[in-house]
Structures are given as C-alpha cells and as structure tokens.
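Colleague: Before I rely on the labels attached to this model, I would like to hear what stands behind each of them. Could you take me through the terms one by one?

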Amino acid sequence: MKLNLLSCDAQRPDKRAIASCLANISDLDDGLASELTDILLEGDMVDIEVEDKNTSSAFRALRKLDIDYEIVED
C-alpha cells in the first residue's frame, strides 16, 4: 500500500523517532529514512510504501507521531 506523508503537526517533532518509524514500517535503511524525515519536517510531502501486513500498526505509529497521511490508490 502506498502512503503520502503530508505533514507532521507535532509541536516538537522527534526526528529520530520519526526516522525509526519510517524505517520500520516501510523497510527503508536508516539513512534514507533520516533523509525522508528531514524532507517531511521541511514541509514537503513524502511517498512511502507499506507492506499490507503492517498497515494497521503503521497507521497507529504515524498517528502517534502526529503525522498526517493519505492512502494512495494504485
């Protein structure tokens, strides 16, 4: 499943926690997850792919980090 990460609304976002979350839910390496986190926190949209077996935990983790997302239809 593809997701667009739109923004992070946390008052003081935890970059390390967000990068770790992205690495876990989308099978990215730590370097790429960190780069995507920087892009997201600068205000740009980020596209990621989540395996179908991880979708509910991915949604929960993103909500916990105050990350707005939208599901992209294939």
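**Terms and the values behind them**

Modeller: Three strands form an open sheet in the order β2-β1-β3, with antiparallel pairing. The model is predicted, so local features need pLDDT of at least 70 and side-chain atom pairs count only at pLDDT 80 or more, whereas totals for chains, interfaces and linings use all residues. Residues are numbered from 1 along each chain as its sequence is written, and side-chain values use heavy atoms, with hydrogens and water left out.

Colleague: What makes β2 and β3 edge strands?

Modeller: Each of them has a single partner strand, so one side of β2 and one side of β3 are left without a neighbour in the sheet. Neighbouring strands of this sheet are turned by 30° against each other on average, with direction ignored.

Colleague: How do you know that β1 pairs with β2, and how many bridges join them?

Modeller: Two strands pair if DSSP finds at least two bridges between them; β1 and β2, which run antiparallel, are joined by 4 bridges, and Leu 3 stands opposite Ile 48 in β2. β1 and β3 also run antiparallel and are joined by 6 bridges, with Asp 68 in β3 as the bridge partner of Ser 7 and Ile 67 in β3 as that of Cys 8. The strands themselves (E, at least two residues) and the helices (H or I, at least four residues) are DSSP runs, numbered from the N terminus.

Colleague: What makes the span of α1 close to the expected one?

Modeller: The expected span of a helix is 1.5 Å times one less than its number of residues. Helix α1, residues 15-26, has 12 residues and reaches 16 Å from its first C-alpha to its last, against an expected 16 Å.

Colleague: What caps the N-terminal end of α1?

Modeller: Asp 14 does, with a side-chain oxygen 3.2 Å from the backbone nitrogen of Arg 16. A polar contact is a pair of N or O atoms within 3.5 Å, where within protein one must be able to donate a hydrogen and the other to accept it, and residues adjacent in sequence count only if both atoms are side-chain atoms. In helix α2, a polar atom of the Thr 37 side chain lies 2.8 Å from the backbone oxygen of Ala 33.

Colleague: Which residues does Thr 37 contact beyond its neighbours in sequence?

Modeller: Contact means heavy atoms within 4.5 Å. Leaving aside neighbours within four places in sequence, Thr 37 is in contact with Lys 15, Ile 18, Ala 19 and Leu 22. Ile 18, Ala 19 and Leu 22 are among the buried residues of α1. The buried residues of α1 pack against β1 (2-8), α2 (30-41), β2 (46-49), α3 (55-64) and β3.

Colleague: What is the largest nonpolar core, and which element gives the most to it?

Modeller: A nonpolar core is a set of buried Ala, Val, Leu, Ile, Met, Phe, Trp, Tyr and Cys residues joined through side-chain atoms within 4.5 Å. The largest has 20 residues, and those with the most contacts inside it are Leu 5, Leu 22, Ile 25, Ile 48, Leu 62 and Ile 67. β1, α1, α2, β2 and α3 each give two or more residues to this core, and α1 gives the most, with 6 residues. Ile 48 touches residues including Leu 5, Leu 22 and Ile 25.

Colleague: What makes the phi of Asp 27 worth a remark?

Modeller: Most residues other than glycine have a negative phi. Asp 27, in the loop between α1 and α2, has a positive phi near 60° without being a glycine. Asp 66, in the loop between α3 and β3, likewise has a positive phi of about 60° although it is not a glycine, and with a relative accessible area of 39% Asp 66 is partly exposed.

Conventions:
Buried means under 20% relative accessible area, exposed over 50%, partly exposed in between (1.4 Å probe, protein chains only). Axes are lines fitted to C-alpha atoms, for helices over the stretch in contact, and angles run from 0 to 180 degrees between N-to-C directions.
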